[in-house]
Amino acid sequence: MTIPTLRLTNVAKTFATGGGSVRALEPISLDIRQGEFISVIGPSGCGKSTLMNIVGGLIDDYEGEVQVDGVPVRGCHKSIGMVFQEESTFPWRTALDNVAFPMEALGVEREERLSRARDLLKLVGLDGFEQRFPSELSGGMRQRIAIARTLAFQPRILLMDEPFAALDEQTRLLLGDKVLQIQQELNQTTMLITHNIAEAVQLSDRVLIMSFRPGRIKRVLEIDLPRPRSSKMMGGERFGHYVAAIWEDLREEASKGLQEMERLRAGG
Amino acid sequence: MSDAAIVSRRSFWRPPPLLARLGVLAGLLALWEAASYAGLVNAFIAPPPSAIFASFEMLFVQEGLINAFVRTFAEALAAASIGSVIGISAGYALHRYKMAGLAYTDWVAAMASAPLVLLYPLFLVIFGRNSATIVAMGVVGCLPPIILKAKEGLDGVRSVLLNVGRAYGLSRWAMFSMIQFPAALPTIFSGVRIGLLFAIINVVGVEYLIVFGGLGQMISDLGDRFEIPGMYAGILFVVLVSICFFFITEKIEKWLLSSK
Amino acid sequence: MAAVEQIGRAGRAAPRPFWTVGRLRVAALVVIFALWEIAGASGLFYRGVLPSSYLVVWALLGLLTSMDFWFHAGVTGLEVLVAFVLGCSAGALAGLMLGANRYVGAVLEPFLHYLAPTPKIVFLPILLILFGVGMGSKIALGAISSFFPMALGVAAGVRQVNPVLLRVGRTFSLSRFQMVRMIYLPALVPSLATGLRIGLGISIVGCLMSEIKLSRMGLGFSAMEYYRVFDIPSMLAVLIFIFFCAALGNVAIDKFVRLPGPQDRQKRKWSGFTRRFT
């Protein structure tokens, strides 16, 4: 039996706040195989960002264990790469220098890192824009730079925390296609956090549906759509079935979240 | 981040920042006092805090500290008032006439960091050696921030509010007094506040340089007469008053911002 | 087809306004100049108080060719340079320390925050006692004055570094040193530039004011001497020279202390240059 690329064992998290403590995550265990694309979907406040931050290493005090290729890790590790939702490109570096950033930090030789950066920019479809600064590029292009930069680190696992949330719908669909293409070409193990159901179905092999706080995995759905995928199959019947199935589970959790928010706003 | 939040983050105990500040201050004063008595610090150049506080009485009685204070701040307030009227009008003009705004805003910004205090000999020859010169210097000093902030505030009024005014067919003055000015008030006030502080700085500065006027003159005289503890006391007084003004106007500004 | 062409032509027909930025600026300068000349010649003010520009320009030329003037300019220039360097580097260091450590910042920064708007000129008597009448006291006042805005600006800059960028650094497991060199420092450049610009202006004011009060050398001293003998054109010429140098200093800081960006790519074509002034 092959060792899973990513294994979470009873990962849980409690936050200490001013008024007491909040149980953000109930013990979560899951395995992700090499080359798999997993989406984690859940209502706002379910703890999916917490889960992401734990796996990515930005939170390092939690219960349970995270293993990469069988080796336990805690805290930021070079085998795990993260792409954030917000603008994260360095405004003072060109696209090329942004992508070369992690290699520069590792001490890779200038010629080599620039050539690899060029290859990665080509992979995300930004060849020709190497010398542009992020301020000259659109939001979608900046996210592509961020993705290319994270890939430059050659992570075993790519984590993406709602990377397309700040983009408009059409850009999101096109970028989704792009990400799929890259993922397939590199056989990159990927974990995506999203609240967009169609996106989850379009991109993933498996969808993990999370419950409202405290977060736990409510259901795991296998997406059995043929690969290679694209946004073209979005109108299809099977696609619609998957979306409906996920919404069925999510609706309950999402309305709990809405009630909680209204309660807080009214009484808290 | 609030002081309390900082405290709760730490795993070992640290005094809350306010107490720590008072502690640092008390510690420095104690150190100075001790060094003075031990002869480590020349008591003439840097008299011990006790001597400085003792000379406050002398300042009140002999030097007319209160009068000097009133005079200085009257001049500063006059300067800030005149400056506000001129500045807000100019800021409005720069806002209303877009081209003028594009053309002159940079110049005003440059004036803000220019050594304007050097103009005082010019005012001296124009107005003569009296309060008008000092107030004029105060006005010149406080104009740039007031103009810039007034323009910024008016530019920032949300267009939906302006549309409401237009829908009611308001006259230009009504638009300004009923919509634009109230909406821009927090920013305008922050400009007036900075202007007031600049006015104080310029007024005290010119009073000190030409030895004419309130607190600036007082400090200069005390220095000339080598009344060192009194001089330090005077300086301390100016610093304290300035801090008070800054603090009070800061609170007002925060209140204005929060009530928006 | 014809309809589309018509629309295109109409779209291009928007007239260029007469009062462009360049023309407005020139007009303002002309008006100021005219008002000055009229006021000077009007007899409203004491004779010689507002001298004709011709006299000022003549005086300026006289100064620029005088060894004496350049000596004084050199003295002031040196004072400003040393005060600026001392005040701004101390300020930058203090700002870094205050911004980097939350607790230290919370305790000490309010001292700076509340001392910053006080008139530093009041400290001059103490400095005169400590450093004497020479350049030392002038430098000290200039340095103390420029310390505050620099420290506060840098501290704010450190705190305002975009937290996402710091998270990116952490995900790449950057060392402390790398975080500072590759993320904090470039992110701080705008705050540093602003602090330096303000610091330069304040150093100049501080040095000049202390020269005016008590000095035997320097441009502030020169200006006062001309005032004493009522040589107003020369006094104004000195002031104009000082303002010009201050503006030059600001432009220099702007040019050299900035982040790489798309502006590097814009070539200054000659036509672009002249377009600014018409």
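In chain A, 70% of the contacts with a separation of 6 or more are between residues 24 or more positions apart, a contact being a pair of residues whose C-beta atoms, placed from the backbone, lie within 7 Å. This is a predicted model, in which local features need pLDDT of at least 70 and side-chain atom pairs count only at pLDDT 80 or more, while totals for chains, interfaces and linings use all residues. Residues are numbered from 1 along each chain as its sequence is written, and chains are lettered from A and ligands numbered from 1 in the order in which they are written.

The secondary structure of chain A comes to 7 helices and 10 strands, where helices (H or I, at least four residues) and strands (E, at least two) are DSSP runs numbered from the N terminus. Chain A has a radius of gyration of 19 Å, close to the 18 Å that the globule rule gives for 268 residues, so it is as compact as a globular protein of that length; the radius is taken over C-alpha atoms, and the rule is 2.2 Å times the number of residues to the power 0.38. Along the principal axes, the C-alpha atoms of chain A fill a box of roughly 55 × 50 × 45 Å. Of the 268 residues in chain A, 41% are buried, a residue being buried if 20 or more other C-beta atoms lie within 10 Å of its own, exposed if 12 or fewer, and partly exposed in between, with C-beta atoms placed from the backbone.

Ile38(A) lies in strand S3 (residues 37-41) of chain A and counts as buried, with 23 C-beta neighbours inside 10 Å. Leaving aside residues up to four places away in sequence, Ile38(A) touches Ile32(A), Met191(A), Ser204(A), Asp205(A), Arg206(A) and Leu208(A).

Chain A and chain B do not touch, their nearest C-alpha atoms being 8 Å apart. The contact between chain A and chain C takes 18 residues from chain A and 16 residues from chain C. On the side of chain A that touches chain C, strand S6 (80-83) and helix H2 (95-106) of chain A each supply at least two residues. That side has 10 nonpolar, 4 polar and 4 charged residues, with Ala, Val, Leu, Ile, Met, Phe, Trp, Tyr, Cys and Pro counted as nonpolar, Asp, Glu, Lys and Arg as charged, and the others, Gly among them, as polar.

Chain B is divided into domain 1 (16-46) and domain 2 (59-258), with bounds that come from an automatic or database domain assignment. The centres of these two domains of chain B, taken over C-alpha atoms, are 34 Å apart.

Within chain B, helix H4 (residues 65-96) and helix H5 (residues 98-112) pack at an angle of about 125°, with their axes 6 Å apart; axes are lines fitted to C-alpha atoms, for helices over the stretch in contact, and angles run from 0 to 180 degrees between N-to-C directions. H4(B) is therefore oblique to H5(B), since angles under 35 degrees count as roughly parallel, over 145 as roughly antiparallel, 65 to 115 as roughly perpendicular and the rest as oblique. Ala93(B), Leu94(B) and His95(B) of H4(B) make the contact with Ala100(B), Gly101(B), Tyr104(B) and Thr105(B) of H5(B).

Notes
Contact = placed C-beta atoms within 7 Å.
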